[in-house]
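Q: I have a structure open and want to learn how to read it. Can you take me through it feature by feature?

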Amino acid sequence: MTRFEKTTCVLALAGGLAIPLLLYDQPYLIRVAASVLYFIILASSWNLLLGYAGQLSFAHAAFAGIGAYTSGLLSAGFLGDNFCTSLVENGLGVVSDLLCGENYSRDFSYGVHPGISIFVGGAVAAGIGWCLGRMCLRTRGPYLALMTLGFSETVRLILQIEHEYTRGSLGLRIPYLWTTDDGLPNHAVGYLIMLALTVITIVVLYYLVNSEKGLFFKAIREDEDVAAVMGVDLVKWKVNAFVISSGFAGLAGAIYAHLFVQVLAPQMLLLLEMGLILAMTIVGGLGTLTGPIIGAILLVVLWEFMRDISPYAHMLLFATLVIIVMKFFRAGIFGLIARRLKAKNLISKAPPFTVE
Amino acid sequence: MDYYILAQVINGVIFGLIYALIALGLTVVFSIMRVVNFSHGEFYMLGGYALYALTAGAVTLFSIPLILPTIVGLPLAMVAVAIFGILVERGLLRPVYTARMDRPEEYAIILTFGLSLFLQYGALVTVGPYEMTPGSFWEGSKHIIGDLYLAGDRLFAAGTSVFLIGATLFFIYGTWTGRALMATAQNRVGSTIVGINTVRMNITAMALAGLLAGAAGALLAPVFLVYPDVGQIPVIKGFVIIVLGGMGSILGAVIAAVILGLVESLGSVYFSVAYRDVFAFLVLIGVLLFRPHGLLGQKARRV
């Protein structure tokens with residue numbers, strides 16, 4: 001890392017930490033800032049799949065949804081009274097206290113505590129990511145896109161149809177992860193938890209893509225067959241890319257759901273959400289760590305400014321941006337900046353896509 | 001005779017024929033350009049809107065409201081969508097096979113996905129989320145046999161689909177342009193050497209896809225109405241069909257479409273109505289896992 005990059009990282013982190021102090025009396029803006037962080041995590045982890053490993057998946061919003069729903073169902077008492085009472089009857093009161101925490105929230109007395117269930121959500125998302133990664137090993141290019149699209153829509157339809165369990169489109173009410181004494185969420189704390197997860201994601205991705213493993217991913221992206229000939233374990237690294245990115249997506253979905261989204265609906269798995277993640281990554285800059293961050297901040301800010309015009313206008317603008325960026329400068333906004341910075345030796349690496 | 005089951009079978013075949021119209025366009029574009037057009041569902045949507053604009057009298061041209069008969073509106077809507085398809089090919093997809101670019105498949109998928117969102121939300125912003133009803137093609141329900149009645153619009157849609165599918169098959173297998181299309185699909189460089197203008201073949205493929213998707217959208221508009229995301233589910237059915245039939249196989253797409261229509265309508269009788277749309281995805285995932293080249297597709301050979 002050059003000095004310029006280090007300074008930028010420190011400044012960005014300081015800026016991120018300063019937001020709850022600056023906006024302490026404006027919970028709405030803190031929520032917006034938290035949604036920026038949520039999209040940064042999703043776009044960055046999706047970028048690992050497409051930008052580094054070259055696997056175009058349309059199932060990322062579905063993984064966030066799987067994480068959120070797993071955690072939400074567990075904490076909202078999906079295990080049910082029977083499970084918790086049977087634990088007590090069988091002399092496992094300690095486990096019951098741990099899993100079926102009482103009185104921590106108004107009426108979710110038989111659910112798992114969200115502090116535990118969010119990790120279960122992330123783990124389930126990573127596990128399903130492993131399965132999908134295994135299933136997609138033989139498919140590539142458009143087939144992979146169709147397979148993941150089919151998977152994503154199947155998950156959404158099942159969540160919508162099985163309304164006896166998930167409450168379908170009515171929405172599943174889930175407990176807050178963190179509340180003040182009066183039972184209301186504290187947005188500043190929620191924001192800081194999201195910030196911590198974002199920093200962890202970025203740091204993990206940084207060390208991942210700058211290590212030998214990152215080279216494996218890039219080799220697969222450039223040419224699978226050549227990579228295999230050169231000794232890259234295709235099965236292992238393609239599946240790993242799926243597991244890591246879907247694990248982060250699931251964790252982010254679960255934590256964000258418990259902190260800011262009180263009611264889960266299958267709409268969070270729509271292709272529209274996938275379109276948002278895709279637009280942020282593409283507009284920011286594919287195949288770079290900075291790109292998705294810039295894209296997420298820029299697009300959420302634009303979105304907030306466009307709320308007054310029409311509830312749908314933002315998506316029209318984002319789709320236009322995706323088309324323009326793909327057609328004219330595929331390296332994205334960061335790609336444009338990075339070339340200038342690289343020329344002045346301010347950053348150590350240029351983005352992988354040449355700007356023509 | 002159990003008329004309920006018979007009605008479901010006939011319904012399944014009708015839907016299969018409409019799906020075939022959607023899938024034929026997708027498979028022709030894929031075989032010629034190696035591009036899966038993710039905005040194909042929006043071509044379908046545009047067909048419905050074009051029919052509505054031409055026949056419902058909501059649009060005025062030189063202060064005369066356009067109230068054409070639906071039977072005249074149908075070919076005009078098809079042509080309108082075909083022209084749109086040509087514009088998309090010219091404006092967005094041409095670099096995929098002319099310029100040297102990194103990973104053209106990824107470019108095409110992201111671009112057409114972006115175009116799909118653009119058209120859907122463009123429709124939402126300009127005409128709003130309301131459902132619109134174009135005029136009917138064949139009003140009322142028709143008596144078939146015994147206790148069996150079917151909506152005239154569905155019968156008309158099925159009949160027109162059969163005609164259009166037949167015309168497409170004749171065009172591809174029976175004319176020189178169609179043979180040139182098949183040659184381009186088999187070997188792009190080879191067909192250039194023997195004097196086929198492959199760029200013109202791309203335009204033909206996109207225009208054909210536009211014609212068929214526009215026809216499907218317009219034919220189903222009186223049945224399912226028209227709204228911005230009307231094309232989302234049909235296009236995914238189209239994807240399932242082209243994978244099931246074998247990517248790029250034209251006859252395979254027609255057979256797979258009828259199979260999918262039957263699976264859906266009989267599946268909703270014997271298993272669950274709510275899961276109707278899920279069957280298609282299960283078929284998709286199953287085919288991709290166990291028989292990636294589909295029913296009639298050729299095993300891909302990579303060099």
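Q: How many of the residues of chain A count as buried?
A: A residue is buried if 20 or more other C-beta atoms lie within 10 Å of its own, exposed if 12 or fewer, and partly exposed in between, with C-beta atoms placed from the backbone. Of the 356 residues of chain A, 50% count as buried. This is a predicted model: local features need pLDDT of at least 70, side-chain atom pairs count only at pLDDT 80 or more, and totals for chains, interfaces and linings use all residues. Residues are numbered from 1 along each chain as its sequence is written, while chains are lettered from A and ligands numbered from 1 in the order in which they are written.

Q: What is the mean pLDDT of chain A?
A: pLDDT is the predictor's confidence in each residue, from 0 to 100. The mean for chain A is 81, and 87% of its residues reach 70 or more.

Q: Where in chain A does pLDDT stay under 50?
A: Where pLDDT is low, the predicted coordinates should not be read in detail. In chain A, residues 102–107 stay under 50. The model has 6 contacts for them beyond four places in sequence. Two residues are in contact if their C-beta atoms, placed from the backbone, lie within 7 Å.

Q: How many helices and strands does chain A have?
A: Helices (H or I, at least four residues) and strands (E, at least two) are DSSP runs, numbered from the N terminus. Chain A has 16 helices and 2 strands.

Q: How many residues of chain B are in contact with chain A?
A: 31 residues of chain B are in contact with 32 residues of chain A. Helix 5 of chain B gives the largest share of chain B's side, 15 residues. That side divides into 25 nonpolar, 2 polar and 4 charged residues. Here Ala, Val, Leu, Ile, Met, Phe, Trp, Tyr, Cys and Pro count as nonpolar, Asp, Glu, Lys and Arg as charged, and the others, Gly among them, as polar.

Q: Why is helix 9 of chain B largely enclosed?
A: 21 of its 27 residues are buried, so the rest of the structure largely encloses helix 9 of chain B. Just after this helix, L225(B) takes a positive phi of about 65°.

Q: Is L295(B) buried or partly exposed?
A: L295(B) is partly exposed, with 17 other C-beta atoms within 10 Å. Its place is in the segment after helix 12 of chain B. Beyond four places in sequence, its contacts include L244(B), I255(B) and A256(B).
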